[in-house]
Each structure stands twice: as C-alpha cells, then as structure tokens.
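Hello,

Here is the structure I promised to pass on.

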Amino acid sequence: MEFTRMAPECGVEVSGVSLANCSDSEMESIKQAIYEHGVAVFREQEFSPEDHIKFGRRWGGIDVNNYFPLQDDFNEIAVVKKDPDQQTNIGGAWHTDHSYDQIPAMGSVLVARHLPPQGGDTMWAHMGAAYDALPDDMKARIDELEAFHTADHVYKEDGLYAQTDMGKSLRGQNLKTGAVHPVVIRHPHTGRKLLYVNTAFTINFVGQTREESLPLLTELTNAALTETNQCRLQWKPGTVAIWDNRTSWHNAMNDYQGHYREMHRITLSGEALAA
Ligand SMILES: O=C(O)CCC(=O)C(=O)O
Ligand SMILES: [Fe+2]
C-alpha cells in the first residue's frame, strides 16, 4: 500500500489496496491512516453494496443514519442524493456527522454511485491541526469547556432542511437529540488533541446561552478553516472516501445544479469522547 498526502495537514490517498478484499493488517494500517489524516481516499474500487456493508461490519459496526433515505435493498446504507431539480444538497456546510449523539459515529464510508459531469467535490478540514494552530490563550480558554450539540434545529418539521427543497427527501423530523461533549477531545486512538465543536450542530457552551456562545464559536470556526488545514476530493467512478468524524470536519460542494448526484454512505459506530 502507498500513502500520499492530499494537502499539508489533511487527507491521504491510499493506493495498492482493494477495500473489499484487504487483509487484517492492511485494515489496521487503513484505520491508523484515517485516524491520523482525518480522511482517506481510495480510487478505482470495485465495491458493491454487499462489500460496503461487509466492510462496515468488519471495521466494528454500523450506525444507521436517522434522517437520510435508506437504500431500498440494503437498509444499512444511507443514500446521499440530489435530484437535478433540487437546489439544496445534503451536508453543504462545514460539519461533522452525528456529534449530537452521546456516542457519536466514528466516521463514514462514502461511495460514489452517480456523479455530475463536473463539480460535487467534498472538502475536509483537520481538527488536530486546527487546535494546534490556536494561540495559547485561546487553548487555555477552551481546554476545560464543554458544549451542547443537537440536530433538532436542522431536521425538525420546520427546521433548516424543511425550509428547503431537500426537506421532503429526509426522515426523522420528530426525533429529539442532544449531547454534551468536551470542546477539546483527545482522539481515542492517536491521543491527539482535537477541536470538537462545529457550526452545524454545536449550539452553546455549557453554562452560556446561545448568544453568549456565538462569538467564540464563530472565532473557533474561522480559526479552524485555514487553507492549509483543508483538502479537497474530486470524485471519480470507483472512488471511496472514509473519514474520521473526530479528526475532521467536511463540507459537500453544491456546484452542480441541474445534475444528479448519488452517494452511498455507511456510518461507522464510534466510542464515547473524552477530554
Ligand atoms: O455528499 C457528500 O460529499 C458528503 C455529504 C455528507 O455530509 C455526508 O455524507 O455526511
Ligand atoms: Fe456529513
């Protein structure tokens, strides 16, 4: 296997391996690469829905997403799709998946199934590099903080998606979510300190109102999104990306209006987070 960085701080492209048939030691190296780099990209994979599910189970378990439509024949696969006449895409703002769960999903395995003729890239940003680059006084300010996360405002009946033409495609409008996590977590496998707030699901710091929290949340978001912290993936048929929701944020570009895009996602189960 060969590992090539996609950008100075974020992402790694892995060649010389077939995800569907990798050995246990290859699987272990792949896991370490994703924990460390935040996202790994694999090209020219033959990866059927059966392979996708087998891989997720082998990694350590599958969390089924409560909001996205599910693949008809394979209910553990969430379908991330946008029709040619839809304006709004799924995941089109910086976020990390499932941070509103007590035990957030470790990451996702996303497979390109139908791509627009151009556009529809996905970006990731590295939250270890983001934390490291903060000034010492900011680190001291956030090291002991905790924050509250929920998805309710995004997915509820009159929520953010419901106000768009993506609303009708989603499920779970009545669910109630909420979890408190440290603002700075330690990666459960690498031990690296990571910034763990995100603009999509983090509402407030514990002990502060939303209004009191917003300036610091915005400051942290801006500090996290430097160009060198980010990487960008141009999908091709056969591309698979696997990311770590603790190490990275991601953002799906919505620059292919009038075209169909369909991705298959399996969400990998995670573990409790600690400072
Ligand atoms: O469609 C994409 O590229 C990613 C969408 C997303 O945010 C996700 O699947 O979690
Ligand atoms: Fe996402």
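In what follows, a polar contact is a pair of N or O atoms within 3.5 Å. With that cut-off in mind, please remember that this is a predicted model.

Let's start with ligand 1. An N or O atom in the side chain of His 250 comes 3.2 Å from an oxygen atom of ligand 1, so this counts as a polar contact under the 3.5 Å limit. The protein covers 100% of the 290 Å² of accessible area that ligand 1 has on its own. Two further side chains reach ligand 1 oxygen atoms: His 95 has an N or O atom 3.0 Å from one, and Asp 97 has a polar atom 3.0 Å from one.

Where does ligand 1 sit? The space it takes is the largest pocket. Strands β15 (248-252) and β16 (261-268) are the elements that give two or more residues to the shell around ligand 1. The residues surrounding ligand 1 include Val 80, Ile 90, Leu 110, Thr 122, Trp 243, Arg 261 and Arg 265. By type, the shell divides into five nonpolar, four polar and three charged residues.

Now for the aromatic rings. The structure holds eight aromatic pairs. One of them joins Tyr 35 and Trp 59 edge-to-face, at 6.2 Å centre to centre and with 90° between the planes. Because Tyr 35 belongs to helix α1 (residues 24-37) and Trp 59 to helix α2 (residues 49-59), this pair ties together parts that are 24 residues apart in sequence.

Best wishes

Technical notes
Residues numbered from 1 in each chain as written. Chains lettered and ligands numbered in written order. Predicted model: local features only at pLDDT ≥ 70, side-chain atom pairs only at ≥ 80, totals over all residues. Heavy atoms only, no water. Near = heavy atom within 4 Å. Polar contact = N/O pair within 3.5 Å; in protein donor to acceptor, adjacent residues only side chain to side chain. Areas by Shrake-Rupley, 256 points an atom, 1.4 Å probe, with all protein chains shown as cover. 1 Å grid on protein atoms, 1.4 Å probe; cavity = no way out; pocket = protein on both sides within 12 Å on 5 of 7 lines; lining within 4 Å. Sits in = over half its atoms within 2 Å of the grid points. Helix = DSSP H or I, 4+ residues; strand = E, 2+ residues; numbered from the N terminus. Nonpolar A, V, L, I, M, F, W, Y, C, P; charged D, E, K, R; others polar. Phe/Tyr/Trp six-rings, centres within 6.5 Å; stacked < 30°, edge-to-face > 60°.
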